[in-house]
Amino acid sequence: MKTLSTKSKIVFLSTYPPTHCGIATFTEDTIHAIDKIYGKSISCEICEITFKGDANINSAYHLPSQNKEAYKKVATEINNDPDVKLVHIQHEFGLFGGQYGDYLLDFLDEINKPIAFTFHSVIPNPNETLKSIVQLLISYSEAIFVMTNKSKQILMEDYGLAETSIAFVPHGTHLVDYETTLEAKKKFDFEDRIILSTFGLLGEGKSIETGLKALPEIVKQFPNVLYLILGRTHPNTIENNIDKYRNSLEQIVKELHLENNVRFVNEYLEVNQLLDYLKATDVYLFTSKDPNQAVSGTFSYAMSCSCPIVASKIPHTMESLTSDVGILVDIQNVEQFAAATIKLLANENLRNQMALNAYAKTTKTSWENTALKHIEVYQRISKGLNQIKISYPKIKMDHLKKMTTDIGMIQFCKISDPDLESGYTVDDNARALIAICKHYQLTGEKDDIAYMKIYINFIQKCQISNGNFINYVDKNNAIEARNSDENLEDANGRAIWALGYFLTLAPSKDLEFLTEKATECLKKVKDNSEKYNSPRAIAFAIKGFYYWCSVFPSLPLKNTIEILAQKIQAMYSSVSSPDWNWFEHKLTYANSILPEALLLSYLITAEEKTKEIAIESMNFLIDKMFVDGQFKIISNDGWHEKGVVPNSYGEQPIEACYMMHALNLFYKTIGNTEYKVYMKIAFDWFLGKNHLGHIMYNPITGGCYDGLEENNVNLNQGAESTVCYLSARLLIESYTSKGKNSGLSNTLKMDKYKYPLDKFQENLNVKNRDINNKIKNKIQF
């Protein structure tokens with residue numbers, strides 16, 4: 001008897017590697033992306049279309065394309081598996097047997113699962129036979145995916161398809177770690193060459209000869225040009241082991257005396273190899289001669305690797321290649337290809353700007369983002385896919401470490417390249433210290449201690465004689481003048497928060513010296529903190545002192561927490577009203593830190609009024625930031641003033657992180673599971689549950705994008721956003737079985753974090769009685 005799978009299955013009807021074709025690669029990339037995000041609850045299986053020989057042994061099903069009887073047979077096999085919830089057909093007319101591939105109709109007559117199509121070719125102005133077959137195919141499906149708006153328009157106008165049945169999802173692209181062309185060239189010793197490239201399975205449709213014939217004119221002005229023709233010949237074009245098309249290209253090279261300017265890389269390149277070649281490309285030549293080619297994966301990949309492009313006019317390029325990314329030319333027009341390429345090669349600034357624009361434009365079409373859009377459609381057409389779970393991304397500290405020098409964590413990035421000119425701040429190094437402590441608690445990795453040392457040393461260095469902290473340090477490790485021009489209370493509060501959190505690490509010999517430093521810094525700043533007026537500075541300080549007090553209880557420290565909490569409560573009393581349960585007349589940034597700090601204060605002081613205000617204000621904030629089941633961050637464009645409808649866009653990762661940690665505390669203190677549900681919804685904002693359906697982290701670098709705007713994402717991966725994403729991700733990990741065993745959820749040895757007054761006094765008495773003089777000196781004031 002067949003054992004039922006615990007996962008829902010999606011069957012992809014397609015060619016698949018090791019078959020060498022664009023649709024096989026497209027399907028593989030789509031499946032990998034879905035598996036990466038939804039692999040916990042979805043299993044993607046292949047019904048492999050083949051033309052010669054047997055299917056890949058890893059394919060669940062096999063469809064020999066020219067065997068008409070096989071179509072009903074394989075449909076019956078799929079029907080017999082109750083775990084299969086949907087069949088997604090990758091459609092190209094040449095993949096299936098019969099007239100215009102009409103053997104596929106036998107499969108569709110038999111299958112009883114929901115059907116989705118991706119149309120890789122959409123032919124305009126069809127004859128009656130073609131139109132009838134396409135319309136019949138469409139009648140069996142619940143959704144049609146297309147990759148360009150032009151394809152969508154043709155389906156509606158020429159085939160009569162309703163717009164509601166069409167899902168526009170652009171061709172996926174690989175996320176890459178952005179680097180300049182000069183850096184990428186070093187991998188191939190191309191530093192002294194200008195690189196042009198074209199890639200893909202070679203065939204007459206690629207019209208590589210157009211690029212070769214344009215090359216002599218280009219070489220006249222740029223003799224060091226090297227044209228890379230990347231990829232093997234399409235196997236269907238090789239007859240009797242004779243590669244006529246490649247031979248013809250090599251003959252053109254000889255006739256035009258281009259041997260020193262052309263290099264054939266006759267390999268089926270692995271993805272990473274291909275992406276490295278593309279990143280090293282100065283100008284990409286897209287020379288296709290098919291005016292009806294709906295979409296090109298090679299074109300999409302070149303854009304994602306930040307290549308300025310000269311492209312022939314096909315529907316995909318005319319829709320996507322705007323003038324800020326490249327130049328469109330007429331199909332097979334050698335003179336236009338030469339002139340456009342020369343124009344780009346002559347203007348380095350133009351190329352650099354186009355490279356950044358191309359990278360930004362295609363990040364939104366990453367395979368991860370297209371997977372989210374596919375699943376959204378799948379869930380609409382298949383009830384069996386409604387209850388699926390997201391697999392959380394791997395915890396990756398690479399970008400945090402890349403941004404950290406011997407001085408500290410650099411403030412900003414240009415894309416993913418640390419911008420040393422931006423210098424360093426206490427703000428960012430404090431947040432980085434918290435994140436690396438959380439990672440150490442989760443993993444126990446000794447390497448983390450070196451980064452703790454850097455961040456604590458930076459914070460200590462920024463502490464001045466009166467105990468306060470300056471915030472800004474330039475790239476040369478010198479204090480900046482603007483420290484005297486700004487109110488630095490919030491930065492001071494963050495420093496207290498970070499140092500206090502560090503003290504909650506389990507004591508060890510490796511951390512002893514850093515513990516002394518952190519404690520001394522806190523002792524110096526404690527009294528000054530009672531003078532803070534900024535509500536967020538006060539809240540950050542309460543958090544830090546709470547952590548400190550949980551490890552080294554002290555009545556003076558308890559009194560300081562109480563003084564600070566009373567300040568926040570006074571703000572609440574003066575501003576709040578029945579319809580505005582808040583501390584200020586508008587919601588701005590780091591809002592959740594205020595109710596969180598009050599709840600922490602309650603856990604030390606046991607003041608019921610403090611707890612009441614904490615819960616009341618937190619629930620008010622939840623009502624403002626969770627809309628229709630989705631987390632919506634307060635816009636930094638004008639914030640949210642009392643009585644005013646706020647702007648909808650301008651969202652920053654720090655807000656999701658802070659809200660998650662506040663919700664975590666409320667859940668563990670109050671015990672209401674709704675807080676935990678909201679916490680996970682807030683984390684889903686990073687995973688693409690936002691108005692753009694765009695992931696906010698970069699799985700390649702481990703960084704996080706700086707902001708979510710109305711129509712785009714700020715692709716810079718600065719310190720604040722990256723550290724906040726990592727802190728949020730580490731918090732989510734603490735709810736897994738691994739996290740629960742790691743000590744992360746047991747940082748503070750209290751029942752649900754509660755620390756009532758009698759227990760506080762009892763622990764304090766024990767410490768005062770038993771600890772040695774050295775430790776006494778550390779905790780007395």
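Visitor: In this predicted model, what do the side chains of Lys187 and Asp276 meet in?

Guide: A salt bridge. The criterion is a side-chain nitrogen of Lys or Arg within 4 Å of a carboxyl oxygen of Asp or Glu. Lys187 and Asp276 come to 3.1 Å, N to O.

Visitor: Where do Lys187 and Asp276 lie along the chain?

Guide: Lys187 is in the loop between helix H6 (181-185) and strand S8 (194-199), and Asp276 is in helix H9 (residues 271-279). The two are 89 residues apart in sequence, so their contact ties those parts together. Lys187 is partly exposed, at 46% relative accessible area.

Visitor: Which residues are linked with Lys187 and Asp276 in a network of salt bridges?

Guide: Glu179 and Lys279. Together with Lys187 and Asp276 they form the network.

Visitor: How many salt bridges does the structure hold?

Guide: It holds 30. One of them joins Lys9 to Asp81, with the closest N and O atoms 2.7 Å apart. This pair links distant parts of the chain, 72 residues apart. Lys9 sits in strand S1 (residues 8-14), while Asp81 is in the loop between helix H2 (68-79) and strand S4 (84-91).

Visitor: Is Lys9 buried or exposed? And Asp81, buried or exposed?

Guide: Apply the cut-off: buried means under 20% relative accessible area. Lys9 has 10%, so Lys9 is buried. Asp81 has 2%, so Asp81 is buried too.

Visitor: What are the closest N and O atoms of Lys313 and Asp330 doing, and how far apart are they?

Guide: They mark another salt bridge, at 3.1 Å. Lys313 lies in the loop between strand S12 (309-312) and helix H11 (315-320). Asp330 lies in the loop between strand S13 (326-329) and helix H12 (334-345). The pair therefore ties together parts 17 residues apart in sequence. Lys313 is partly exposed at 33% relative accessibility, and Asp330 is partly exposed at 32%.

Visitor: Which residues lie nearest the centre of the second largest pocket?

Guide: Leu372, Lys373, Gly688, Gly693 and His694, out of 45 lining residues. By class, the lining has 15 nonpolar, 20 polar and 10 charged residues.

Visitor: Where does the largest share of that lining come from?

Guide: From H14, with 6 residues. Helix H14 spans 367-381. Other elements that each supply at least two lining residues include helix H10 (297-304), helix H13 (348-363) and helix H25 (673-684).

Key
Residues numbered from 1 in each chain as written. Predicted model: local features only at pLDDT ≥ 70, side-chain atom pairs only at ≥ 80, totals over all residues. Heavy atoms only, no water. Helix = DSSP H or I, 4+ residues; strand = E, 2+ residues; numbered from the N terminus. Buried < 20%, exposed > 50% of the residue type's maximum accessible area, 1.4 Å probe, protein only. 1 Å grid on protein atoms, 1.4 Å probe; cavity = no way out; pocket = protein on both sides within 12 Å on 5 of 7 lines; lining within 4 Å. Nonpolar A, V, L, I, M, F, W, Y, C, P; charged D, E, K, R; others polar.
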